[in-house]
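Trainee: Can we go through this model together? I'd like to start with the loops and then get to the helices.

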Amino acid sequence: MNERPSYDELKERVKELERELDKYKQADKKPFPLKRGYQFLHPDWPEVKWNISGLFIRRRFLTSFLSFMKSSNISHVLKTFHDAPDVLWNGGRLNMNVKFYDDSAEYFKSLNDKGVGVFLTVSNLVLEEKHLDDPDSNRLVECLDEKCGMNGVIVANDLLSDYLRKKKPGLKQVASVVKSFIENPQAKIEWYKEMQSRYDRVVVHTDHMFDLDLLDKLDRTKTEILINEECAYKCQHRQRHQTLTSKFNIDRSKEIHEEMEKIKKTVCLGSSTILDDKKNLENTRSVFLTHCEVKAIYDMGFRDFKICGRRKPVGTFAWYLINFIFNPYLAYAFADMIYRKIEVDTKKDVANVIKRNAPAKSN
Ligand SMILES: [Zn+2]
């Protein structure tokens, strides 16, 4: 058995890396010895396209991140950003005070101009006919340019999918991972084939990513691999959890919220632990893929990978990106740079909040 390295060993390893980096600095007098471009990126998946969460809730961070990627000539790996504000069609995550910006259309256009597509997570599962004309949700979709060919929606509900196909035929449609949780926990290949004929891309159920024989039967150009899902492998509560999320986003019921909290605290702690499945401890692993697993899937020809985490703290979310996107040799240096930027941005945000809440001057 491999033992974990001690803290001192880890510290020594970091020092070693710093010494190596110093050597390069002295040789080249530049912060990094590498030619700008591909070497900044993870060398094991040079052709990967990243589909990244946080479009709304992490707007400031993603805007900074994109301009950093652009100035380093590596923004071509960023394919789309996705998320949705608090609207009725939102799915996957709870409506919890995510603002619908007045300037969303301009914001989306600015991303498109930089080569990044915008996908709205309108993946609510429980929509009915009467929800299709929800004004805010419709207004949100109206903000997308459907002619540029880069934008789309992530859907899980057939009614909404059909409605949007008619209303906005130029938008791409991705079948949400939530759809696979509900409709295909059995990993039927026929289901995937049918979805791949109906949608531009299909996000693979996160339990199925480890079944390479199944993956091998999928159309590479129409598949998206979510590499850091927040639930545990083979969690039995995904369907319930996702259905409750969708219901909550429609009526914001307190009871639903309480039931979800209970699931979170008592049966599925998310990411790695299912508390009520002690009999199947071999299933206790996270579906946060290791680099070797990402590499194995990439080598099969898959190129569209997805990173979620829009409701995680910004530092955690940033780390997901750093971990998968950058050359691991340089990741800690990128982390330093990105975390400093987050700190500066957070200070600006706090200053703005204080300014807005400042008491009026008394006469
Ligand atoms: Zn779970």
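This is a predicted model: local features need pLDDT of at least 70, side-chain atom pairs count only at pLDDT 80 or more; totals for chains, interfaces and linings use all residues.

Trainee: Does N73 count as buried or exposed, and why?

Mentor: N73 counts as exposed, because it has 12 C-beta neighbours inside 10 Å. Residues are numbered from 1 along each chain as its sequence is written.

Trainee: Where is N73, and what is its phi near?

Mentor: N73 is in the loop between α2 and β2 (78-83). Its phi is near 60°, a positive value in a residue other than glycine. Helices (H or I, at least four residues) and strands (E, at least two) are DSSP runs, numbered from the N terminus.

Trainee: And D83, what is phi there?

Mentor: Phi of D83 is near 160°, again a positive value in a residue other than glycine. D83 is found in strand β2, and it counts as buried because 25 C-beta neighbours fall inside 10 Å.

Trainee: Moving on to N90, which residues does it touch?

Mentor: Leaving out residues up to four places away in sequence, N90 touches A84, N95, T121, V122, N124 and N249. Two residues are in contact if their C-beta atoms, placed from the backbone, lie within 7 Å. N90 lies in the loop between β2 and α3 (104-113) and is buried, with 27 other C-beta atoms within 10 Å. Its C-alpha atom is separated by 8.2 Å from that of L120, 30 residues apart along the chain.

Trainee: Change of topic: how do α2 and α13 pack?

Mentor: Helix α2 (residues 59-71) and helix α13 (residues 328-357) pack at an angle of about 135°, with axes 11 Å apart. Axes are lines fitted to C-alpha atoms, for helices over the stretch in contact, and angles run from 0 to 180 degrees between N-to-C directions. The two helices are therefore oblique to each other. Angles under 35 degrees count as roughly parallel, over 145 as roughly antiparallel, 65 to 115 as roughly perpendicular and the rest as oblique.

Trainee: Which residues make that contact?

Mentor: R60, F61 and S64 of α2 make it with K341, I342 and D345 of α13.

Trainee: What about α9 and α10, what angle?

Mentor: Helix α9 (residues 238-251) and helix α10 (residues 254-267) pack at about 150°, with their axes 10 Å apart. That makes α9 roughly antiparallel to α10. On the α9 side the contact is made by R240, H241, L244, K247 and F248, and on the α10 side by I256, H257, E259, M260 and I263.

Trainee: Which residues of α12 are buried, and what covers them?

Mentor: F317, A318, L321, I322, F324 and I325 are buried in α12. The cover includes β1 (49-53), α2, α11 (291-299), β12 (304-307) and α13.

Trainee: Last one: how many helices and strands are there in the protein?

Mentor: There are 13 helices and 12 strands. Of the 363 residues, 34% count as buried. Among contacts with a separation of 6 or more, residues 24 or more positions apart account for 72%.

Notes
A residue is buried if 20 or more other C-beta atoms lie within 10 Å of its own, exposed if 12 or fewer, and partly exposed in between; C-beta atoms are placed from the backbone.
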